[in-house]
Amino acid sequence: MKWLLVWCALLCSSSLLAQPRLVIVIDDIGYHQTDYRLLELKYPLTYAVIPHTTHSKAMAQAAMLKGRDVILHMPMESARRADLSKNALKVTMDRQQIEQMLDAAFADVPQAIGMNNHMGSYFTEQDQVMDWTLAYLGQRKLFFLDSKTTAKSTAARYASLHQVPLLTRQVFLDNDRSYAALDKQFKQALQLAKQHQQAIAIGHPYPETYQYLQKNLATIAKAGVQLVPLSALLPADYPLVRADQSLPLHAIVQTKPSPAEHNSELAKVSKPAEQELMTPAMAEQLILQQEQALNRDYVIPEWLNPLTLPAEQSPRVPLYKHYQPQQQPKPVTPPFFQLGRSHSR
Ligand SMILES: [Zn+2]
C-alpha cells in the first residue's frame with residue numbers, strides 16, 4: 001500500500017511537472033538568401049514564409065526537408081490601411097477574392113501546415129473578412145496563429161465558429177533589435193512559458209535576432225524549458241495536414257508579379273521622397289533592402305540548398321489523415337481554440 005502511494009505520488013508529480021514548452025516562430029521568411037542561415041541553427045524553430053517572395057518556395061522546401069514546421073505568413077491590411085502589396089488580403093475584398101488569394105499563397109508555400117498574419121492590424125479586427133478567412137482554413141484543415149497585431153482581433157470568434165485550432169503569439173522578440181531589448185523579450189518568453197506551461201514568441205530574420213538566437217537558444221534547455229515546433233502545441237488528436245494535401249477552393253490565379261513589375265515596384269519603394277506617406281510596407285521594404293546589402297556575401301550552403309539536397313534525405317512524414325468534409329466535427333473543449341493568451345491586452 002505504501003509503495004502504491006509512493007508510486008502514485010511520483011506519477012502525479014511527473015505529469016504535473018511536465019516541462020514547459022516554448023515556440024519561436026521566425027516571420028517574414030522569403031525575402032533574403034540570408035534567411036537560410038536560420039536553418040543552420042540546430043533547433044526546432046518554426047518558419048513563417050511570406051508567399052510570392054524571392055526565396056519563399058526554396059526556403060519552405062529546405063525547412064520542410066530539415067523537418068521544421070512551415071506556416072504561411074499571409075500579408076493582411078494593417079491599421080494604417082497601407083497598400084501592402086498586390087498579394088495582401090484587404091478588407092474591401094469579396095469572399096472569392098480572399099479565397100483565391102489564399103489559394104495562390106498556399107500554392108506558393110505548399111509545405112505550410114497553418115497560417116499567421118503579416119501585419120493585419122486592420123484586417124484581423126474585422127468580422128466578415130475574418131469569417132471567410134477562418135472558414136477557408138477550416139475547409140483546408142489548416143490552423144491559425146494569431147500574430148496579435150491588434151488587441152481587438154476577431155480570430156478567436158471565427159476560429160471557434162469554423163473549428164479551426166487557434167494559437168496566439170505572446171511575445172515579439174525584436175521590435176527593438178538592441179541586444180538588451182532582445183534579451184529582455186527572450187527572458188519574458190521563457191518566464192511566460194514557465195508560468196503557463198507554454199508560450200509562443202515571434203522574431204524576424206534580422207541579423208541581430210539571428211546572432212542573439214545563435215548565442216542564446218542553448219539557454220532554453222538550461223532554463224528547464226523545451227523549445228518545440230509550433231505543431232507541438234496543437235491538440236494531440238489534431239490531424240496535421242500540409243496545404244498540398246488538401247485541394248485549393250478555386251483554380252489557382254497567378255498573382256506573382258512579373259520580373260519587370262517586381263523591379264518597378266522595388267524602384268517605387270526605393271524613392272520614398274516622391275510618396276506623400278511612408279507606409280509600413282514601404283518602411284519594411286527599405287529595411288529589408290538595407291539588410292540585403294549588409295548580407296550580400298552570404299552563400300547558401302550546399303547542405304541547405306533544396307535544389308542540391310540529396311534525394312535520400314527524405315521529408316518528414318506528415319501525420320496526414322484524409323480530409324472528410326462530410327464528417328460531423330467533433331465537439332471541442334475550449335482549450336482547443338485558445339491555446340495561448342496575449343500578455344499585452
Ligand atoms: Zn511579418
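Biologist: Let's start with E2 and E3: in which sense do they pair, and over how many bridges?
Modeller: This is a predicted model, and in it E2 and strand E3, which covers residues 70-76, pair in the parallel sense over three bridges.

Biologist: What joins E1 to E2?
Modeller: Strand E1, residues 21-29, runs parallel to E2 and is joined to it by three bridges. Valine 49 turns up again here, as the bridge partner in E2 of isoleucine 29.

Biologist: Which way do the residues of E2 point, and are they buried or exposed?
Modeller: Thr46 and Ala48 point one way from E2, while Tyr47 and Val49 point the other way, and all of them are buried.

Biologist: Okay, over to E8. How many of its residues are buried?
Modeller: Six of the six residues in E8 are buried, so that the strand is mostly covered. Gln198, Ile200 and Ile202 point one way from E8, and Ala199, Ala201 and Gly203 point the other way.

Biologist: Which strands run parallel to E8?
Modeller: E1 runs parallel to E8 and is joined to it by six bridges, with arginine 21 standing opposite glutamine 198. Strand E7, residues 171-172, also runs parallel to E8, through two bridges, and there valine 171 has alanine 201 as its bridge partner. Between E7 and E8 the chain passes through H7, in a β-α-β crossover that is right-handed.

Biologist: Now the helices. What covers the buried residues of H5?
Modeller: The cover for the buried residues of H5 includes H4, strand E4 (114-119), E5 and helix H6 (155-161). Those buried residues are Val129, Met130, Trp132, Thr133, Leu134, Tyr136, Leu137 and Gly138.

Biologist: How far apart are the ends of H5?
Modeller: Its end C-alpha atoms are 17 Å apart, which agrees with the 16 Å that twelve residues should span at 1.5 Å a residue.

Biologist: Then what does H4 pack against?
Modeller: The buried residues of H4 pack against H3, E3 and helix H5. Among them are Ile98, Met101, Leu102 and Phe106, and Asp103 and Asp108 are buried too.

Biologist: What about the largest nonpolar core, which residues have the most contacts inside it?
Modeller: That core has 76 residues, and those with the most contacts inside it are Leu22, Val49, Val70 and Phe144. Leaving aside neighbours within four places in sequence, phenylalanine 144 is in contact with residues including Met115, Leu134, Leu137, Ala155 and Val164. In soluble globular proteins, nonpolar side chains tend to be buried together.

Biologist: Changing topic, what is the phi of lysine 141?
Modeller: Lysine 141 has a phi near 60 degrees, a positive value in a residue other than glycine. Most residues other than glycine have a negative phi.

Biologist: Where does lysine 141 lie, and why does it count as buried?
Modeller: Lysine 141 lies in the loop between H5 and strand E5 (143-146), and it counts as buried because it has 24 C-beta neighbours inside 10 Å, where 20 or more is the cut-off.

Biologist: And glutamine 197, what is its phi?
Modeller: Glutamine 197 also has a positive phi, of about 75 degrees, although it is not a glycine. Its place is in the loop between helix H7 and strand E8, and with 13 other C-beta atoms within 10 Å, glutamine 197 is partly exposed.

Terms used. Residues numbered from 1 in each chain as written. Predicted model: local features only at pLDDT ≥ 70, side-chain atom pairs only at ≥ 80, totals over all residues. Core = buried A, V, L, I, M, F, W, Y, C linked by C-beta atoms within 7 Å. Buried ≥ 20, exposed ≤ 12 C-beta atoms within 10 Å, placed from the backbone. Contact = placed C-beta atoms within 7 Å. Helix = DSSP H or I, 4+ residues; strand = E, 2+ residues; numbered from the N terminus. Pairing = 2+ DSSP bridges. Expected span 1.5 Å × (residues − 1). Right-handed = clockwise from strand over helix to strand, strands pointing away.
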